Amino acid sequence: MPEPYDVITMGRIGVDLYPLDIGVPLARVETFGKFLGGSPTNVAVAAARLGRRTAVITRTGRDAFGEYLHQELRGFGVDDRWVTEVEEYPTPVTFCEIFPPDDFPLHFYRQPKAPDLEIHPPELDLDAVRDARIFWMTGTGLSAEPSRAATLAALQARSASARSASARSGSARSESPAPEFRTATVFDLDWRPMFWDGGDHSSVAPARYREALAHATVAVGNIDECEIATGEREPHAAARALLAAGVELAVVKQGPKGVLAVHRDGSTADVEPLPVEVVNGLGAGDAFGGALCHGLLAGWDIARIMRYANAAGAIVASRIACSSAMPFPDEVERALAEGAVTEAIAAGPSGAAS
C-alpha cells in the first residue's frame, strides 16, 4: 500500500503575473514576474518547503501555461499526478498591483470558466484523499459545478473514514493512540465573491459553506470569510460559531491584530503578528496554511502552531512573490528567534527578496 501523503490540497491553480515595479498602477507597469499561483496550490508548495510530502488535485488548460505549472509543481516537490488538462478552457492568469503595506488589488482572468472548476467526482482518487494525513479544500471549490460536487465527495469520504476509524477504536483499545491532530480535514474559507453568482450578495454561499463545515475538522479564515460562513464578525463569536458548525479547531485571522485559534477542548491561542516590513501581502495566508499543516502534523500545541504559521506568513509578506517565496524551516525558526522578519531573512537564502 503506498505511503499516505502528508497533505493533499484541492482547488485553484493558475499563473500569477506580478509587477516587478512596486507602487506603480497596473496600467503603467512594464515588467512582470511569472509565478505558480492559486491558494491551495501555494499551500501545497508551502508545506513541501517545510519537508512535507504533498500533492494537489486541480486542472489546467491544455496550453503552455499549463505545462509551466506542471514544471513548477515538480520543481517545488509537489506531486502533480492529479493535475489534469481541460481542452475547452485556458489556464487562468492573475495580475496584481503592489501598493505596500496593505493594498494589493487582484485581477483574475478565469473566463469563460477556470479549468480548476471542472474537477468531476468520478475522477477523484478517494483512497488517496481518505488516507492523506491532511486534506485541504477551499471555499472557491464550492462556487460552481462540478467542482462543488467533487469537493463535497472528497469531504464526505474523509468524514466517513473518520467515523469508521472512531468506531473501530471504540471497539478495540489502541495501545499507541495516534497523536492529536495527526489527521485533519481543513476548510480554508477563502471567500472570493467575484467567483460566485451574486458576488458579495450571493444567496447560496452561506449554505454551501455550512454544508462543507459539517465535514471539516479545522476551519481557517479572516473576519470577512468567517462572516460568510457564520454570520459573525467578532473574532471570538466567529470562532464559537465555527466550532458549533462542526469543526474541532477554528482559526480566525485578524490581519495586523494577529490570529485567534480556539479548540473544542477549550484551549485557545491569541497570537500577535510578527513585525515585518510588508512588500506584498498576497501569499502570506498560503504560507500560514502550509505552516499550519506542518504544525498539526507535528502534534504541536495550538499556540506554537500559530506562532510558527504567523512567522511563515510574515516572511512571505516581506517578498514580492508567493510560491517561490515560501520559507524553509530554518528561515521560520530564525524569524521566531529574532522576533521579527529582518532584511536578511526577507532577502532569502539566495540574498534576493524573491
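**A guided reading of the predicted model**

Just after helix H10, glycine 339 takes a positive phi of about 75 degrees.

Helix H10 covers residues 329-338, and its buried residues are Glu331, Val332 and Ala335. Viewed down the axis of H10, these buried residues fall within an arc of 100 degrees, so they line one face of the helix. Asp330 and Ala337, by contrast, are exposed on the other side of H10. The packing partners of the buried residues of H10 are helix H9 (302-317) and helix H11 (343-347).

The description now turns to another helix. Histidine 294 belongs to helix H8, which spans residues 284-298. Is histidine 294 buried or exposed? Its relative accessibility is 12%, and histidine 294 therefore counts as buried, the limit for that term being under 20%. Once neighbours within four places in sequence are set aside, histidine 294 is in contact with Leu50, Arg52, Trp300 and Tyr308. One of these contacts, tryptophan 300, also takes part in an arrangement of charge and ring: the charged end of arginine 304 sits over the ring of tryptophan 300, 4.0 Å from its centre. A further arrangement of this kind involves arginine 53, which lies over the face of tyrosine 5 at 3.9 Å from the ring centre.

The next element is a sheet. Strands of a sheet pair through backbone hydrogen bonds, in either a parallel or an antiparallel manner. In this model, 4 strands form an open sheet with the order S3-S2-S7-S8, and the pairing is mixed. S3 and S8 are the edge strands, each of them pairing on one side only. From one strand to the next, the twist averages 25 degrees. The strands S2 and S3 pair in the antiparallel sense over 6 bridges, and aspartate 16 stands opposite phenylalanine 35 in S3. Helix H2, residues 64-75, lies across S2, S3 and S7 and runs at about 70 degrees to S3.

A pair of aromatic rings is described by the distance of the centres and the angle of the planes. The count of aromatic pairs comes to 10. In one of them, the rings of tyrosine 18 and phenylalanine 35 have centres 6.0 Å apart and planes at 55 degrees, so the pair is tilted. Tyrosine 18 lies in strand S2 (residues 14-19) and phenylalanine 35 in strand S3 (residues 32-37), so this pair ties together parts that are 17 residues apart in sequence. Tyrosine 18 is buried, with a relative accessible area of 3%. Phenylalanine 35 also counts as buried, at 15% relative accessibility.

Phenylalanine 95 and tyrosine 109 form an edge-to-face aromatic pair, with 5.7 Å from centre to centre and 80 degrees between the planes. Since phenylalanine 95 lies in strand S7 (residues 93-96) and tyrosine 109 in strand S8 (residues 106-109), the pair ties together parts that are 14 residues apart in sequence. Elsewhere, Phe187, Trp191, Trp196 and Tyr209 form one aromatic cluster.

The loops call for attention to the backbone. Most residues other than glycine have a negative phi, and most peptide bonds are trans. Aspartate 190, a residue other than glycine, has a positive phi near 40 degrees. Aspartate 190 is found in the loop between strand S10 (184-188) and helix H5 (205-213), and it is buried, with a relative accessible area of 3%.

Where are the cis peptide bonds described here? One runs from glutamine 111 to proline 112, with omega near 5 degrees; proline 112 lies in the loop between S8 and helix H3 (126-131). Another joins glutamate 145 and proline 146, with omega about 0 degrees. Proline 146 has its place in the loop between strand S9 (134-138) and helix H4 (147-171).

Lysine 257 is exposed, with a relative accessible area of 63%. Residues up to four places away in sequence not being counted, lysine 257 touches Val271 and Pro273. Lysine 257 and leucine 274 are 17 residues apart in sequence, and their C-alpha atoms are 10 Å apart in space.

Note on methods: Residues numbered from 1 in each chain as written. Predicted model: local features only at pLDDT ≥ 70, side-chain atom pairs only at ≥ 80, totals over all residues. Heavy atoms only, no water. Buried < 20%, exposed > 50% of the residue type's maximum accessible area, 1.4 Å probe, protein only. Contact = heavy atoms within 4.5 Å. Phe/Tyr/Trp six-rings, centres within 6.5 Å; stacked < 30°, edge-to-face > 60°. Helix = DSSP H or I, 4+ residues; strand = E, 2+ residues; numbered from the N terminus. Lys NZ or Arg CZ within 6 Å of the ring centre and 35° of its normal. Pairing = 2+ DSSP bridges. Axes fitted to C-alpha atoms, helices over the stretch in contact; angles between N-to-C directions. Arc of directions from axis to C-beta.
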